[in-house]
Amino acid sequence: MIAPAQPMIDIRSVTKRFGDFTAVNDVSLAIGPAEFITLLGPSGCGKTTLLRMLSGFEHPDQGDIRIDGADVTHLAPYRRNVNQVFQSYALFPHLSVWDNIAFGLRMQKVPAEEQRRRIEEVIDLVALRGFEKRKPTQLSGGQRQRVALARAIVPRPSVLLLDEPLSALDAKLRHQMQLELKRLQKHLGMTFVFVTHDQEEALTMSDRIAVFNQGRLEQLGTAADIYHRPRTAFVADFIGEANLVDAELLQRNGNVGRVRLKGGLEIIVPLDQWPEGHAKAVVSIRPEKVHVSKQPIKAENVFSARVEEEVFQGALDRLTLVTDAGTRLHAIVANESALLEAIHEGDQVWCGLHMDDLVIVAAD
Amino acid sequence: MLDGALGIWTVVVFVFLYLPIGVLVAYSFNSSKLNILWESFTLDWYVQLWSNAPILRTLKNSLIVATGTTAVSVVIGTTGAWLLHRYRYKFSRSLQTLICIPMMMPEIVMGISLLIFFTAVSLPLGYVSVMIAHVTFCFPFVLVAVQARLQGLDPALEEAALDLGATPLKAFWLVIVPCLRPAILSGGLMAFTLSMDELIISYFTTSPASATLPLKVFGMAKVGLNPMLNALSAVFIVTTIILVLFSEYLRRLGTRPAQAA
């Protein structure tokens with residue numbers, strides 16, 4: 001995990017309430033310079049409220065926020081060196097592409113010649129050459145997105161905030177823009193704070209991901225961290241897919257132990273994340289980590305199961321397995337070859353689980 | 001059957017609404033001094049109208065009053081609509097109702113109460129008093145038109161302006177006002193028309209020197225109907241219709257999805 005020595009953004013124990021509803025609950029988060037961080041979570045988890053406190057449209061009830069070393073907790077939006085790309089883009093409908101982009105520079109009273117040079121530069125950067133005189137209504141969704149981006153980066157903010165900026169684009173354009181945004185962020189060396197509810201988007205672009213749930217920061221880490229080492233059942237379930245199975249500790253042997261899963265299957269799991277003093281917890285098993293074969297398998301945990309259901313999805317096969325002991329598990333198998341031992345409904349198969357692929361999370 | 005009923009209804013309504021106006025306009029071209037008999041076509045009454053100094057003087061007064069009223073109403077109506085829309089006051093709803101009451105208040109009540117008020121604060125009757133009186137019932141029309149437009153405006157537009165370094169005042173002037181322009185124009189035209197046509201409130205709140213055109217017409221009509229009044233009314237009708245149509249056109253322009261784009 002990156003632990004920035006001199007954070008660009010330092011959020012300290014911030015709480016925000018709207019009436020009886022606590023939107024952001026005691027969140028602390030340090031974001032490094034030139035870092036691409038994603039605030040991820042379902043709607044109403046507090047990610048947008050936190051972003052609005054960074055832009056200055058909301059102010060914390062408790063805690064404080066520093067940007068680039070300066071306390072901005074109660075600073076008005078027009079007094080902070082932070083710009084935002086809005087979900088609706090919020091382009092000024094009466095102004096041309098050029099004037100939209102120039103708006104921030106004019107507010108800063110940048111000399112006309114420098115304004116022109118910087119706008120030309122950013123127009124090339126976001127590939128909008130030839131569209132300068134158009135009005136926002138004469139642009140496609142993707143082009144509007146670029147104008148919004150250009151308008152927000154041309155004043156050279158120390159932090160760029162992006163509020164679900166890709167949600168209005170179609171899937172193909174969205175993928176393309178994800179990569180372009182990542183490239184742009186590296187090129188500019190600017191701190192990007194990206195808000196989304198789309199876990200795939202988060203995994204694609206971010207240096208680090210902050211997962212939010214019900215106003216709390218549930219987990220902070222790199223994409224791989226969050227994916228392979230989820231700390232709560234919520235994170236395991238929200239990022240990727242997971243079999244979340246209740247488990248009871250039967251026998252402890254140093255760092256590993258034997259547990260009985262709901263249904264009856266007994267497996268060996270690592271205990272380093274097992275909640276202290278609890279007899280019960282939840283085991284998170286990624287469906288793609290369930291190895292399935294018609295031949296015997298080598299793994300720390302091997303058992304046989306029956307294929308209850310098979311869903312063919314092209315590159316992938318989704319299986320619902322019921323172990324002999326009676327535990328139900330979902331598995332995803334890559335369809336490597338049509339000829340190679342195809343697995344079908346009703347087949348009896350061998351399953352293997354590597355201990356390293358098993359993660360213990362706290363029961364909710 | 002129902003189609004027939006609707007047809008009859010339409011005919012009756014239109015006859016009652018527009019036949020008298022049609023007759024009035026037609027007789028403004030009648031050479032006879034009497035409104036009942038048609039003699040021959042003439043433009044004499046329009047020529048007389050144009051050379052009638054008292055009428056022209058009151059027309060000038062009306063234009064001064066209507067222009068002033070419109071300017072003040074647009075400023076008060078637009079800022080009022082924005083403040084009510086943007087900031088949640090404790091009494092927003094009651095305030096809204098209070099603002100709209102003058103739109104429906106009997107004019108005679110408004111006129112008398114304003115006269116008493118002006119006397120109480122010893123404001124001499126004249127251009128200023130009549131303009132204040134007109135603003136009280138004209139600015140709500142601007143306010144309501146602007147409010148309708150604001151409903152469809154993306155709230156992120158103001159935030160985007162603030163985010164880019166505009167103060168709230170600059171954001172309002174540089175971003176919000178341009179987005180509201182059709183509604184402001186439409187409301188302004190409405191205010192202008194209402195002020196030009198207003199009789200009863202003007203009667204109570206103006207002085208002979210600042211008398212408006214409707215007052216003059218009313219005075220002339222009391223003495224006796226004159227074909228020159230027909231000509232004057234015809235001019236009035238045509239101007240009003242043009243202004244109303246134009247304001248309606250602008251309003252429609254404004255209610256088109258005001259997308260943030």
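This is a predicted model: local features need pLDDT of at least 70, side-chain atom pairs count only at pLDDT 80 or more; totals for chains, interfaces and linings use all residues.
Local features here need pLDDT of at least 70, side-chain atom pairs count only at pLDDT 80 or more, and totals for chains, interfaces and linings use all residues, while side-chain values use heavy atoms, with hydrogens and water left out. Residues are numbered from 1 along each chain as its sequence is written, and chains are lettered from A and ligands numbered from 1 in the order in which they are written.

**Stop 1**

Select residues 243-253 of chain A, which is strand β11. Strands (E, at least two residues) and helices (H or I, at least four) are DSSP runs, numbered from the N terminus. Two strands pair if DSSP finds at least two bridges between them.

Show Ala247(A) and you will find Ala281(A) opposite in β14(A). For Glu248(A), the bridge partner in β14(A) is Lys280(A).

Next, turn to β12(A), residues 256-261, which is antiparallel to β11(A) and joined to that strand by 6 bridges. Arg252(A) has Gly257(A) as its bridge partner in β12(A). The hairpin of β11(A) and β12(A) has 2 residues between the strands, and Gly254(A) takes a positive phi near 70° there.

Follow the chain on to β13(A), which is antiparallel to β12(A) and linked to that strand by 5 bridges. Which residue of β13(A) is the bridge partner of Val256(A)? Select Pro270(A) to see that partner. In this hairpin of β12(A) and β13(A), 4 residues lie between the strands, and Gly263(A) has a positive phi near 110°.

**Stop 2: the four-stranded sheet of chain A**

Move to the open sheet of 4 strands with the order β2-β1-β4-β5 in chain A, where the pairing is again antiparallel. Its edges are β2 (21-31) and β5 (70-71), each with a single partner strand, so one side of each is left without a neighbour in the sheet. Select β1(A), residues 9-18, with β2(A): the two pair in the antiparallel sense over 7 bridges.

**Stop 3: a salt bridge in chain A**

Show the side chains of Glu113(A) and Arg116(A), which form a salt bridge with the closest N and O atoms 3.0 Å apart. A salt bridge is a side-chain nitrogen of Lys or Arg within 4 Å of a carboxyl oxygen of Asp or Glu. Both residues lie in helix α3 of chain A (residues 112-125), 3 residues apart, about one turn of the helix. Over all chains, the structure holds 21 salt bridges.

**Stop 4: the helices of chain B**

Switch to chain B, which has 11 helices and 0 strands. Its C-alpha trace spans about 70 × 60 × 35 Å along its principal axes.

Select residues 53-86 of chain B for helix α3. This helix of 34 residues reaches 49 Å from its first C-alpha to its last, close to the 50 Å expected at 1.5 Å a residue; the expected span is 1.5 Å times one less than the number of residues.

**Stop 5**

Finish by selecting Ile108(B), which lies in helix α5 of chain B.
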